[in-house]
Amino acid sequence: MTAPQTLAIDVRGLAKQFGDKRVVDGIDIAVPQGEVWGFLGPNGSGKTTTIRMLCGLLKPDAGEGTCLGHDFRRESEAIKRKTGYMTQHFSFWTDLSIRENLEFTARIYRLPDRRKMVDEALDRLGLGGRQHQLAGGLSGGWKQRMALAACMLHRPDLLLLDEPTAGVDPKARRDFWDQIHALSDEGLTVLVSTHYMDEAERCDRIVYINVGRIVARGTVADVIAQSGLATFVIEGTNARELAPHLRGLDGVESVAFFGAALHVSGHDAHKLETALAPLHSRDGLSVQRARPSLEDVFIQLQQESRGEA
Amino acid sequence: MRFSLLRVRAILIKEYIQMRRDRLTLAMIVGVPVMQLFLFGFAINLDPKHLPTALTIEDPGAFSDSITAGLMNSDYFRVVRQTRSPAEARRLLDRGTVSFVVNIPANFSRDLVRGASPTILLEADATDPASGSRAVGAFQGLIENALRDDLKGPLAARAAASPAFQVAVHERYNPESNTQYNVVPGLLGVILTMTLVLMTSMAVTRERERGTYENLLAMPVRPLEIMTGKIAPYVIVGLIQSALILVAAKIVFAVPMLGSLTLLSGALLLFITANLAVGYTFSTVAKSQLQAMQMMVFFLLPSILLSGFVFPFRGMPGWAQALGEIMPITHFLRIVRGVMLKANGFADVWPQFWPLALFTAAAGALALARFRRTLD
């Protein structure tokens, strides 16, 4: 470990209730400056609510801490000036062109050299050729590029991205992540929520929340190791047809399809092995222990917390 | 595919469910008309009575006492001021404090006794010719009745040798009783209210419906900055509308413009801002553009009906007049008619100016208080 890192986000005990539903229930997050953190969890687990509280769009019921060194409850104005927030749904003005949206944003942040900064942002994201197109007519990938360009325009220190790549094709997603990593190399801190496992694996650390609580955190390897999960991959003739049969077996906690293969997971590796032993003798079927994927872990986590609830 | 009643039914059920979900809209569809029916049903009166009247008596005596008593007992005239100075009475009429001035000229008694048939003058504020016409019609009979007892005995011969006196009516400010003089400036107010409130009533609602509100809130921008920026362009729109209407009033309808155009422009600017502030306040409250529309209509109807535009203001009961006094258009109409038809100066319209300014400030403050800085 090096000297204590500066924390871009350092909040404790974050809580928010809508009606009698506790959407966020005691979340602590400490993101060191310059890291990219992934924020994962099933739909409705409280990711968006947490992000909105961090940038002052929702009033937290409880919690304390700082964002970029400012009290996140009382100094949201200062935080807003240094933060870029990309909403889950496209929230720029569809009846303005790309350039007009960027210029509007630049004016609100009172950026000097507005024209130059907008030009640069357009070039950086390859939007130059489309700058006069109305934002409403863009496809998902282009909209997302534009939104990223707009929320990066004022050179924020912190980027909060709420499912930025939902509905975006793989190429555009990869470009997007290249951008994020390039920016984080320059010292930008990023908190990004996502449902994609490959994106989670691109993060320095991940936080997995469910029903408003953090249930796992750390690097991808940490999270997989912490889960204590054992996974067997079954491949071969008619492997998929085995699924209903396997689900009832002792030691089998989840069965998931991965293409033609099945991932069978459980916490007790020994029991699992015993349960699957009879399959070894079958023709054309291979059963092999494998490292659980992040998805196996997440599905497991989701099932566990559902059991508790 | 053939027309299918089952599919019609599917759509119908879906619409019904959606309508039922939107409780506020439904409540307004049902509640507002009922409320307005009662409100306007009781407020509107086409035969205004007890109209404020100033009495100038340049010849005190038994006859003028009888006339005073007669006016005071009448249904149509309510004497609010007695004065000896015609200039003061004129000022009251100019400012709209009174609708009528009754003048009993000097030497009225002497001329009456001599049989010289003196003239009682009724000056009527004819900027709204309809509202005072019944009172004017009743005036002659009323004076005759008032003097009947005095013209008995030795003066009976005078009563018989009619006319013992004459009544002259001066329709001031609008001698030809041209209703367009009243209607066209009034329309200026109504058109501005209708269009301007509508324009800003969507301002914040539209951002909310399109989801751009979240983006706006995430930016470092203050509610006052948003409000000012959203209202300002429509001030220009309102001024252009006003210019068009005023030019048409002059050229097409030949409405006179006796007062100061600068003063009128100042009043217009204030009135335009007041309406935009109302619209903006609605937009901070309304959840959908449909609701914003309903609120606009809810504001527009009393603006038309209780302001003195369509129905005589002084015909309404006290509570309805109080309600009318709140509406910006009520004060604006008095200013426009005052400036255009009566050549009112700033001192004359000041009593209408400050309520307008107060209303604008209050609407703006309410909008800012209602503006949500968060998505809670």
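The following legends describe close-up views of a predicted model.

**View 1. The four-stranded open sheet of chain A.** Antiparallel pairing joins 4 strands of chain A in the order β2-β1-β4-β5. The edges are formed by β2 (21–32) and β5 (70–71) of chain A, each of which pairs on one side only. Within this sheet, β1 (residues 7–18) of chain A runs antiparallel to β2(A), and the two are linked over 9 bridges. One position of this pairing is given by I9(A), whose bridge partner in β2(A) is V31(A). Helix α1 (residues 47–54) of chain A packs on the sheet and touches β1, β2 and β4 (62–67) of chain A. The direction of α1 makes about 120° with that of β1(A).

**View 2. The six-stranded open sheet of chain A.** Here 6 strands follow the order β6-β7-β8-β3-β9-β10 in chain A, and their pairing is mixed. Strands β6 (83–86) and β10 (213–218) of chain A each have a single partner strand, so one side of each lacks a neighbour in the sheet. From one strand to the next, the twist averages 15°. Strand β7 (residues 158–162) of chain A pairs with β8 (residues 189–193) of chain A in the parallel sense, over 5 bridges. In this pairing, L159(A) has V190(A) of β8(A) as its bridge partner. Helix α5 (residues 140–152) of chain A packs on the sheet, where it touches β6 and β7 of chain A. Its direction makes about 160° with that of β6(A).

**View 3. The hairpin of β12 and β13 in chain A.** Strands β12 (residues 254–258) and β13 (residues 261–266) of chain A pair in the antiparallel sense over 5 bridges. The two strands form a hairpin with 2 residues between them. In the turn, G259(A) has a positive phi of about 65°.

**View 4. The interface of chain A and chain B.** Contact between the chains involves 19 residues of chain A and 17 residues of chain B. The area buried between them is about 1800 Å², with carbon and sulfur atoms giving 56% of it. There are 4 salt bridges across the interface. Among them, the side chains of R52(A) and E214(B) meet at 2.9 Å, N to O. Between the two chains, 9 residue pairs are in polar contact. On the side of chain A that touches chain B, α2 (76–82) and α3 (98–108) of chain A are the elements that give two or more residues. That side has 8 nonpolar, 4 polar and 7 charged residues.

Note on methods
Residues numbered from 1 in each chain as written. Chains lettered and ligands numbered in written order. Predicted model: local features only at pLDDT ≥ 70, side-chain atom pairs only at ≥ 80, totals over all residues. Heavy atoms only, no water. Pairing = 2+ DSSP bridges. Contact = heavy atoms within 4.5 Å. Axes fitted to C-alpha atoms, helices over the stretch in contact; angles between N-to-C directions. Buried area = accessible area lost by both parts, 1.4 Å probe. Polar contact = N/O pair within 3.5 Å; in protein donor to acceptor, adjacent residues only side chain to side chain. Nonpolar A, V, L, I, M, F, W, Y, C, P; charged D, E, K, R; others polar.
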